[in-house]
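Have the chain open in a viewer.

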Amino acid sequence: MSNIAGIIKTLQNIMRKDAGVSGDAQRIEQLGWMITLKIMDDKDAELELLNDDYVSVIPEELRWRAWAADSEGITGDALKDFVDNRLFPGLQNLDVTGSDGESVNRRAVLVRDIFAGTNNYMKNGTIIRQVVNKLNEIDFNASDDRHVFGDIYESLLRDLQSAGNYGEFYTPRAVTEIMTEIVNPRLGEKVLDPACGTGGFLTSAIENIRKQDVHSVEDLKTLEETIRGQELKPLPFMLCVTNLILHDIEVPNVTNGDSLNREYTSIGAKDRVDVILANPPFGASVSDGVETNYPAQFRTTESADLFLLLMMRYLRDGGRAAIVLPDGSLTGDGVKQRIREEFLTQCNVHTIVRLPNSVFQPYASVATNLLFFTKGEPTKEIWYWEHKLPEGQKSYSKTKPIQKSEFASLLAWWNNRSENDAAWKVPIEKISENGWNLDIKNPFLKEEEITYSTAELLDMLQESFKKSESLLEELRKK
């Protein structure tokens, strides 16, 4: 990890010398497409050794080895001209016809889609050559560590000054791993993340299945066919595809587009999945008109609420899910309340893990929850678990992120449940009487330990003002 972080730091320092690249976001995109091409070429080389008939979808002259691998190769204006006028146009207009002349080559479609949403910002060909040479120090095939790409991406994220733009695509690895471990997807089950970001949940699912069930080439093929994702924004989409290729998924089943931009009723039996693992975007408004894809009584422009409806629709009866939702989706009236009622009557929401609001620092400081549920039967009661910060720690941060080991007590409790100072149970009758509100505080916490949402604090403040007014009025009368 330290070596990777060192290489990334050096790369970013080199790129700072190029007048065309301004800001961390552009540096991430620039590194992203280069790393993607290098990884694809490393994987192509591996597949060529294993299979005499294998031919890369990338034309020979555009492959990394043809223009980037030789440290003394093309440089300066000639390299800049090649990247802008041959490499990018060639990949953006890739022939996606299958070898039979009729079918579609999915790997070619992925490469084309990646480069359709990507730009080369660098203006200095000599600096491009320096970046390329530094990247050639990483051999992705030789690495035993499947997290090497995750480490690269985490290094990039840590360096973002204004991570608000990119933090939404990143869920701490401790969280993705614990959610996946509990839901436990198995070989042959269809797994979906409809807002997959850089692929954290998908790679967690792949690793979970691989260590238990994958024993042959056929098993690997089944795994490849059953892992699905969709991501709207070009940069995380590109990083997700690359991440899956690194996890031996030869042709990742990931699409670039808005999952919400599909007619709700058009999602039928053939689209249903067994497992959903997701951290859908929240706090954002959806694109204009997207809400009209949903039934009139559920229309809203809050992305997290529409994603909840979408995920319920995609899940087959008996299917199971673990998702991240903000406190804002657990409460509220009107459409929010109707969506929660639908959720609790269509699904058995058996467990809600309440996280401290600093879990997603520095990317977001909203209070979030992990919801575990199965589709096809109504909720009868919900168990809540309060995840507490480690002893002596006031909050999570970049330097002190949440650790998987912190979930040991949750796992020990999971199959042998009883109420304690971190766990409590609420019957559905109480929840329905209270407007289907799921934002239920830990009854075992002392008053000073309880944290309140902004809306609750404002209500309390208003109540306090009313009491003050009333007392003043009494005093005036006296």
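Start with what covers the buried residues of α8: the list includes α9, β4 (273–278), β5 (315–326), β7 (368–375) and α14 (408–414). Contact here means heavy atoms within 4.5 Å. Buried means under 20% relative accessible area, exposed means over 50%, and partly exposed lies in between (1.4 Å probe, protein chains only). Helices (H or I, at least four residues) and strands (E, at least two) are DSSP runs, numbered from the N terminus.

The model is predicted: local features need pLDDT of at least 70, side-chain atom pairs count only at pLDDT 80 or more, and totals for chains, interfaces and linings use all residues. Residues are numbered from 1 along each chain as its sequence is written, and side-chain values use heavy atoms, with hydrogens and water left out.

Now α8 itself. This helix spans residues 173–183 and is mostly covered, with eight of its eleven residues buried. Those eight are A174, V175, T176, I178, M179, T180, I182 and V183. What follows α8? N184 does, and its phi is positive, near 55 degrees. Most residues other than glycine have a negative phi. N184 sits in the loop between α8 and β1 (191–193). N184 counts as partly exposed because its relative accessibility is 24%.

α9 has 14 residues. From first C-alpha to last, α9 reaches 20 Å, close to the 20 Å expected at 1.5 Å a residue. The expected span is 1.5 Å times one less than the number of residues in the helix. α9 is mostly covered too: ten of its 14 residues are buried. They are F201, L202, T203, S204, A205, I206, N208, I209, R210 and D213.

Which helix does α9 pack against? Follow α9 (residues 200–213) to α11 (residues 234–246): their axes come within 10 Å and cross at roughly 10 degrees. So α9 is roughly parallel to α11. Axes are lines fitted to C-alpha atoms, for helices over the stretch in contact, and angles run from 0 to 180 degrees between N-to-C directions. Angles under 35 degrees count as roughly parallel, over 145 as roughly antiparallel, 65 to 115 as roughly perpendicular and the rest as oblique. The crossing of α9 and α11 is right-handed. A crossing is right-handed if the near helix is turned clockwise from the far one by less than a right angle, and left-handed if anticlockwise. On the α9 side, L202, T203 and I206 make the contact; on the α11 side, C240, N243 and L244 do. By class, this contact holds four nonpolar residues, two polar and no charged. Ala, Val, Leu, Ile, Met, Phe, Trp, Tyr, Cys and Pro count as nonpolar, Asp, Glu, Lys and Arg as charged, and the others, Gly among them, as polar.

α11 has another partner. Helix α2 (residues 24–50) packs with α11 at an angle of about 25 degrees, and their axes are 10 Å apart. That makes α2 roughly parallel to α11. Here the crossing is left-handed. α2 contributes I28, E29, G32, W33, T36, I39, M40 and K43. α11 contributes L235, M238, L239, V241, T242, I245 and L246. The contact of α2 with α11 has ten nonpolar, three polar and two charged residues.

Phi of D248 is positive, near 65 degrees, in a residue other than glycine. With 26% relative accessibility, D248 counts as partly exposed.

I431 lies in helix α15 and is buried, with a relative accessible area of 0%. Which residues does I431 touch? Leaving out residues up to four places away in sequence, they are L344, I382, V426, W436, N437, L438 and I440. I431 and E341 are 90 residues apart in sequence, yet 9.7 Å apart in space, C-alpha to C-alpha.

Then comes P443, in the loop between α15 (428–433) and α16 (454–477). Is P443 buried or exposed? At 55% relative accessibility, P443 counts as exposed. Its C-alpha is 9.2 Å from that of A423, 20 residues apart along the chain.

Finally, zoom out. The protein chain has 16 helices and nine strands. Buried residues make up 50% of its 478 residues. Among contacts between residues at least 6 apart in sequence, 75% join residues at least 24 apart.
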